[in-house]
Amino acid sequence: VDGRRQAVGLSGADDNLTNLTLDNIDQIEVVRTPVSSINGGSAMGGVINLVTLSGKGLATPQSSVSEEAGSFNTYRENAQSRGAVGNFDYAVSASRQDSIYPALSPGYPAFFAPGFPGQADQYRNTSYRGNFGYQVTPDIYLDLHSAYSNAYTSSPGIYLFPDPTASLLIENWNLSPEVVAKVADFYKTKLYYTRDQQRQADNDPFLANQLISFGSSPQGAQTRLQINTDSVDWQNDFQIAHNWTVTAGIQGDNRNYYEVDNVLAMRTLDGHDNNIGGYISSQWQPLPGLNILNSGRYDS
């Protein structure tokens, strides 16, 4: 997002892509070739970059409010605004979506607790994104990107084996300050730091009714997962000649995570990993239409 690598989940992909909205998004860039030398191993198949809206350079603020409605009690509201005051600029957005699908067929009554009314299949998503920037000097720009999402999803299972009370709650927040500086006509540098936290709660009180007879907790079967990620990226661009650019930099990540299972009354996962990598890339165009690209990276 805006050139900032997003934190990854334990599966190796961003666990929050499912709940990512296009609020405050200006355009989407896709690089279809491997760019892992600059962006790391997760970019071996390419990169998708979401470019957000900015209030930079706007003479007057721009704002919008929208409301959508559809079948299955689906509603979505969105409000966003952007603008600039002197050297300060901002762009913020917030949205909410609610959907309630029909309750599941009762299926086999034996799978349900006596008198249990069943639960509709629900989805709720609250999202926020805010960008704030300040032009310190003509050559130095500071910005802060922030994001938050909270998504609740029912996971009632299939018809033959319904589990009508199961749900998954995913919460994510992200803060990322950055400084971009033009050191010389031929040299531009940027440095950003990102703090990302993902929290998931998988809750299943109906399953607990079946497990209590085996001595499990009466609070229900619940697992809680948390992933904390700190990232730093320092990138330097050198314009060696009008047709030759060299990019070099370093990246670092530190991630710790744990999962708690209340049925087992213990942490079933507790660990951390970190990585630091350096890269250099050369882009040379000796003739119009002919581009020669070379790059290398080392990670530890």
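Is Y187 buried or exposed in this predicted model? Y187 counts as buried, because its relative accessibility is 17% and buried means under 20% relative accessible area, exposed over 50% and partly exposed in between, with a 1.4 Å probe and protein chains only. In this predicted model, local features need pLDDT of at least 70 and side-chain atom pairs count only at pLDDT 80 or more, while totals for chains, interfaces and linings use all residues. Residues are numbered from 1 along each chain as its sequence is written, and side-chain values use heavy atoms, without hydrogens and water.

**View 1. Confidence along the chain.** The protein chain has a mean pLDDT of 85, with 83% of its residues at 70 or more; pLDDT is the predictor's confidence in each residue, from 0 to 100. Over residues 105-116 it stays under 50. For this stretch the model has 18 contacts (heavy atoms within 4.5 Å) beyond four places in sequence.

**View 2. The aromatic pair of Y187 and F238.** A search of the whole structure gives two aromatic pairs. Rings of Phe, Tyr and Trp (its six-membered ring) pair if their centres lie within 6.5 Å; planes under 30 degrees apart count as stacked, over 60 as edge-to-face and the rest as tilted. Y187 and F238 are stacked, at 4.7 Å centre to centre and 5° between the planes. Y187 belongs to strand 9 (residues 187-204) and F238 to strand 10 (residues 221-241), so the pair ties together parts 51 residues apart in sequence. Strands (E, at least two residues) are DSSP runs, numbered from the N terminus. F238 is partly exposed, with a relative accessible area of 25%.

**View 3. The aromatic pair of F88 and Y90.** The ring centres of F88 and Y90 are 6.3 Å apart and the planes stand at 25°, so this pair is stacked. F88 is partly exposed at 32% relative accessibility.

**View 4. A nonpolar surface patch.** V85, F88, Y134, V136, I140 and L142 make a nonpolar surface patch of about 490 Å². Strand 6 (120-137) and strand 7 (140-154) are the elements that give two or more residues to this patch. V136 lies in strand 6 and is partly exposed, with a relative accessible area of 40%. Patches are made of residues with over 30% relative accessible area and no salt bridge, like charges being joined within 9 Å and nonpolar side chains (Val, Leu, Ile, Met, Phe, Trp, Tyr) within 5 Å. A salt bridge is a side-chain nitrogen of Lys or Arg within 4 Å of a carboxyl oxygen of Asp or Glu.

**View 5. The loop at G86.** G86 sits in the loop between strand 4 (74-85) and strand 5 (88-103). G86 is exposed, with a relative accessible area of 71%.

Technical notes
Areas by Shrake-Rupley, 256 points an atom, 1.4 Å probe, with all protein chains shown as cover. Helix = DSSP H or I, 4+ residues; strand = E, 2+ residues; numbered from the N terminus.
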